[in-house]
Amino acid sequence: MTNKLFTSVFVLSLLFTSVDAQDLTSKFDAGKMRERVKRLSMDDLEGRGPGTAGGKLAAQYIADQLKAMGAKPANRGSYFQNVKLVGVKARRDTKLRVSKGGDAATYNFADDFVATTGAQRATAGAKAELVFVGYGIDAPLYKWSDYKGSPADYKGKVLMMLVNDPPATTGEPDLFGGKALTYYGRWTYKYEEAARRGAAGVILIHTNESAGYGWNVVRTSNGSWRYEIARGAKDKTPFLQFKSWATNEASAKILKQAGLDIDKLREAAKHRDFQPVKTGLTVDLQLNSEIKTFDSPNVVATVEGSDPKHASEYVVYSAHWDHLGIGEAGANGDKIYNGAYDNASGVAAVLGIAEVLAKMPKSERPKRSALFLFPTAEEQGLLGAEYYATHPLVPLRNTVADINLDGVNIFGKVRDFTALGAERSTIAAYIDASAKERSFVIKSDMNPEQGFYFRSDHFPFAKVGVPSINFQHGDDFITPPGAEAASFAKDYTAKYYHQVSDEFHDWFDPSAMVQEAEFALAFGIRIADSSATPHYKPTDEFSAAEGRRLNGR
Ligand SMILES: [Zn+2]
């Protein structure tokens, strides 16, 4: 009897192994994963602010873990890639002056406009003609350019523009992604394009509808410290003397000084034949700013692949280690933004993935190598990942994909996942195949109009043409989580996101983390072993960047 039972279990388990040969769950150490989330969330790491002592400790801890598991340093013998950062904070008594002939009007910081300098200097500014450029977009993919005429029309000028994408039309329902926000609609793109044109400054026109948030959000986030990657002496990246937002009311008033109607201009800008408007107005904005510079590292390691022909190619797994540091006290007097879910959980998951690969005998590893990137300063605008993507440690042409984890499931095992941006490239096929093996449901982006694809560390990889995704868990829990976990999951955006309450709790479920990490590793291995490498669909907005990536650089 005993024997018989034993035999049938044995046969079953054999069957199980052969059917589900890809299941790597048993290779993950759930206890370690939980310990790492806990360690990275502790108060002595001071919320892992870049440039702080706590941030340094956190980066060192990650490097120590990588070393201990046998992952190799990725930066000429070092686990660190230093990133120089600069913070600027404009004085709030700055005025914006707009004049035409003898007529002048003055606008107030915070109430009418906010501004920050891109010059990384204590004094910067511009006095130049204002040109209205519609949506400020140059998108060959959509046969659209708001920058008509000659380069001289924009060089040294102040450009006023609308945020978001031009709307799709009945004739062209997929224009600028239809309902989805494209990168051309993001304010970061608007600044970058204007800087490429040699503009001196930009004024973005704010409306609640086009921005997706109220003026209070713009005022708060632009009225304080703003961070950038410090430009080196030889860095030729173009920059703006000032980057600013103005309220719709102030913008309307400015345009009215030139006899122009903001609503008519907004309507004209919706059409492909829109012509930029030279207003004849002179804008004068001089910024005095506080400046601080500091260093903070990305943490980087590799595990070599098994195939000598492909080991020089890399699948990247990324998870930002930084969080908000010490800030304003929450309701309970706590000032430390521990960032347990955001993103100690992601770091622990990527460390877990690294450990599984590092401990595999080399011959059993996937063909291509893996690069583990723990970027700094994600919360300041994806700065560490941006720095990596523009200063890569392995050639970008050999960087086949980035899988980013930001907020890994600590609540309980689920049946559903989302791979943000997978549909843009052939990555989707690899994910679907691994999902099918596991009977997981892959859900598409529920809020494409919000542009979440542009808001975590996979995005700098997309900008340089590397197929990339942000991998996220769903909330279709196999077993309903306990009350505390359920409330953390359900009220995350309202009560925990970027709050002091995002802390480690004993109920954190490492089996859910293992489930998510195992799935990410499984399709990562599929990509690493594939005869082809992922590529963007030709209709995708990052396809052109991919072409540039593969043809050198
Ligand atoms: Zn995050």
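Student: At roughly what angle do the axes of helix H2 and helix H9 cross?
Tutor: This is a predicted model. In it, H2 spans residues 30-40 and H9 spans residues 340-359. Their axes come within 9 Å. They cross at roughly 140°.

Student: Are H2 and H9 parallel, antiparallel, perpendicular or oblique to each other?
Tutor: The crossing angle is roughly 140°. Roughly antiparallel needs an angle over 145 degrees, and roughly perpendicular ends at 115. The two helices are therefore oblique.

Student: What is the handedness of the crossing of H2 and H9, and how many charged residues does the contact have?
Tutor: The crossing is right-handed. Among the residues in contact are Lys-32 and Arg-36 of H2, and Glu-355 and Lys-359 of H9. By class, the contact has 9 nonpolar and 2 polar residues, and the charged ones number 4.

Student: Over what arc around the axis do the buried residues of helix H6 lie?
Tutor: The buried residues of H6 (residues 215-222) are Trp-215, Val-218 and Asn-222. They sit on the same side of H6, because they cover an arc of only 65°.

Student: Is Arg-48 buried or exposed?
Tutor: Arg-48 lies in the loop between H2 and helix H3 (53-69). Its phi is positive, about 50°, although Arg-48 is not a glycine. Buried means under 20% relative accessible area. Arg-48 has 1%, so the residue is buried.

Conventions
Residues numbered from 1 in each chain as written. Predicted model: local features only at pLDDT ≥ 70, side-chain atom pairs only at ≥ 80, totals over all residues. Heavy atoms only, no water. Axes fitted to C-alpha atoms, helices over the stretch in contact; angles between N-to-C directions. Helix = DSSP H or I, 4+ residues; strand = E, 2+ residues; numbered from the N terminus. Parallel < 35°, antiparallel > 145°, perpendicular 65-115°, else oblique. Left-handed = near helix turned anticlockwise from the far one by under 90°. Contact = heavy atoms within 4.5 Å. Nonpolar A, V, L, I, M, F, W, Y, C, P; charged D, E, K, R; others polar. Buried < 20%, exposed > 50% of the residue type's maximum accessible area, 1.4 Å probe, protein only. Arc of directions from axis to C-beta.
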